[in-house]
Amino acid sequence: MSLLDRFSLAGKVAVVTGASSGLGVAFARGLAEAGADLVLGARRADRLEDTRRTVEAMGRRALCVPTDVAKPADCQALVDAAMAEFGQVDVLVNNAGIGTAVPATRETPEEFAQVIDVNLNGCYWMAQACGRVMQPGSSIVNISSILGLTTAGLPQAAYSASKAGLIGLTRDLAQQWGARKGIRVNALAPGFFASEMTETYRPGYLDAMIHRVPLARMGDPDELTTAVVFLASAAGGYVTGQTLAVDGGTTIT
Ligand code: NAD
C-alpha cells in the first residue's frame with residue numbers, strides 16, 4: 001500500500017452526526033472524497049438532503065437518518081438503518097453538538113443538562129451503537145473542542161464540561177476496544193472555525209480571540225477534515241486514545 005493509499009476510505013461506510021450544517025457537512029464531503037459511503041444523521045431532515053445531494057454528486061452513496069443523538073433509541077435506529085443499507089459501519093464521526101454561554105449563577109439545571117445530553121451523552125450512545133457492529137480496523141472520531149482543554153473568555157461551564165468529558169470518554173473507549181475489538185477511538189479539539197455555532201458569538205468576540213491564536217487566523221474547515229480523514233483511515237492506524245488539537249496553536253498560549 002502506498003503512503004497516500006493509507007488515507008483512502010474506499011469501500012468504507014462512515015457515519016457523521018450533525019451532518020446538516022457547518023463542520024458536519026465538510027466532514028461528510030471530505031470522507032466521500034476519500035472514498036467512503038455516508039450515513040448522515042441530524043435532526044433537520046430537509047437540510048440532511050442537501051448534504052446527501054453533495055455526497056451523491058461526488059459519486060458516493062448516502063443514507064439520511066433523522067436522528068436526535070440525545071435519544072439512545074435514535075442512535076441505535078441510525079446504526080440499524082446503516083447496517084440494513086450497507087451491511088457495515090467502519091467510521092463514526094461524533095460531530096453533533098450545541099454551544100451555549102450562560103453565566104454559572106444563572107444557568108438552569110435544564111440548560112446545563114441539555115448540553116451534556118447532546119455533546120457528551122449523545123456521543124456515547126452513538127459510540128455504543130456503532131461499537132456493537134464495528135469490525136476490527138474501524139475508527140471513531142469524537143469532535144471535542146479546545147474548550148475541553150482550556151478557556152476562551154466566555155461563561156461556558158456546560159460546553160466545557162461536555163467537551164472535557166468527551167476527551168475522557170475517548171480515552172476510556174480506546175482502552176476498552178483497542179485490542180479486544182480493533183476499534184481506534186480519538187478526539188479532535190478544534191479551535192475557531194466559521195459555522196452556525198460561531199455566528200452566535202457576540203460582535204468582536206472572534207476578533208479578540210484571534211490575538212490568542214499563534215497562526216493569527218480562524219481555521220478553514222478543510223484543515224479539520226484532513227485530520228478527520230487521517231484519524232478515520234489506516235493512515236492513523238497506530239493512533240488511539242488521543243486528542244489532537246487543530247487550533248492554529250491556541251492551546252499552547
Ligand atoms: P453547527 O451548529 O453548524 O453544527 C452542529 C450540528 O449538530 C448541527 O447540524 C445541528 O443540527 C446538530 N445537532 C445539534 N443537536 C443535535 C442533536 N441533539 N441530535 C443531532 N444533531 C444535533 O456547529 P459546528 O461548528 O459545525 O459544530 C460541529 C461540532 O464541532 C460541534 O460538536 C462543536 O461543538 C464542535 N466545535 C466547533 C468549533 C467551531 O469553531 N465551529 C470549535 C470547536 C468544536
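1. Thr-17 stands opposite Gly-41 in β2. Five bridges tie β1 (residues 13-17) to β2 (residues 37-42), and these two strands run parallel. Strands pair here if DSSP finds at least two bridges between them. Strands (E, at least two residues) and helices (H or I, at least four) are DSSP runs, numbered from the N terminus.

2. The model is predicted: local features need pLDDT of at least 70, side-chain atom pairs count only at pLDDT 80 or more, and totals for chains, interfaces and linings use all residues. Residue numbers start from 1 along each chain as its sequence is written.

3. Seven strands make up an open sheet with parallel pairing, in the order β3-β2-β1-β4-β5-β6-β7. β3 (62-66) and β7 (243-246) are the edge strands, and each pairs on one side only. From one strand to the next, the twist averages 20 degrees. Angles run from 0 to 180 degrees between N-to-C directions; axes are lines fitted to C-alpha atoms, for helices over the stretch in contact.

4. Which strands does helix α2 touch? Helix α2 (residues 45-57) packs on the sheet against β2 and β3, and its direction makes about 170 degrees with that of β3. Contact means that the C-beta atoms of two residues, placed from the backbone, lie within 7 Å. Helix α5 (residues 157-181) lies across β5 (139-143), β6 (184-190) and β7. Its angle to β6 is about 160 degrees.

5. Strand β4 (residues 91-94) pairs with β1 in the parallel sense over three bridges. Val-91 is the bridge partner of Ala-14. β4 also pairs with β5, again parallel, over four bridges.

6. A residue is buried with 20 or more other C-beta atoms within 10 Å of its own, exposed with 12 or fewer, and partly exposed in between; the C-beta atoms are placed from the backbone.

7. Ala-36 sits in the loop between α1 and β2. It counts as buried because it has 28 C-beta neighbours inside 10 Å. Not counting residues up to four places away in sequence, Ala-36 touches Leu-9, Lys-12, Val-13, Ala-14, Leu-31, Arg-60 and Val-91.

8. Gly-249 lies in the segment after β7. It has 13 other C-beta atoms within 10 Å, so it is partly exposed. Leaving aside neighbours within four places in sequence, its contacts are Val-213, Pro-214 and Leu-215. The C-alpha atoms of Gly-249 and Leu-215 are separated by 6.7 Å, although the two are 34 residues apart along the chain. Ala-36 and Gly-249 are 213 residues apart in sequence and 30 Å apart in space, C-alpha to C-alpha.

9. The ligand has 30 residues around it, of which Gly-18, Gly-22, Ala-96, Gly-97 and Ser-195 come nearest. A residue is near a molecule if its C-beta atom, placed from the backbone, lies within 6 Å of it. α1 (22-33), α4 (109-131) and α6 (196-199) each supply at least two residues of this shell. The shell divides into 12 nonpolar, 14 polar and four charged residues. Nonpolar covers Ala, Val, Leu, Ile, Met, Phe, Trp, Tyr, Cys and Pro; charged covers Asp, Glu, Lys and Arg; the others, Gly among them, are polar.
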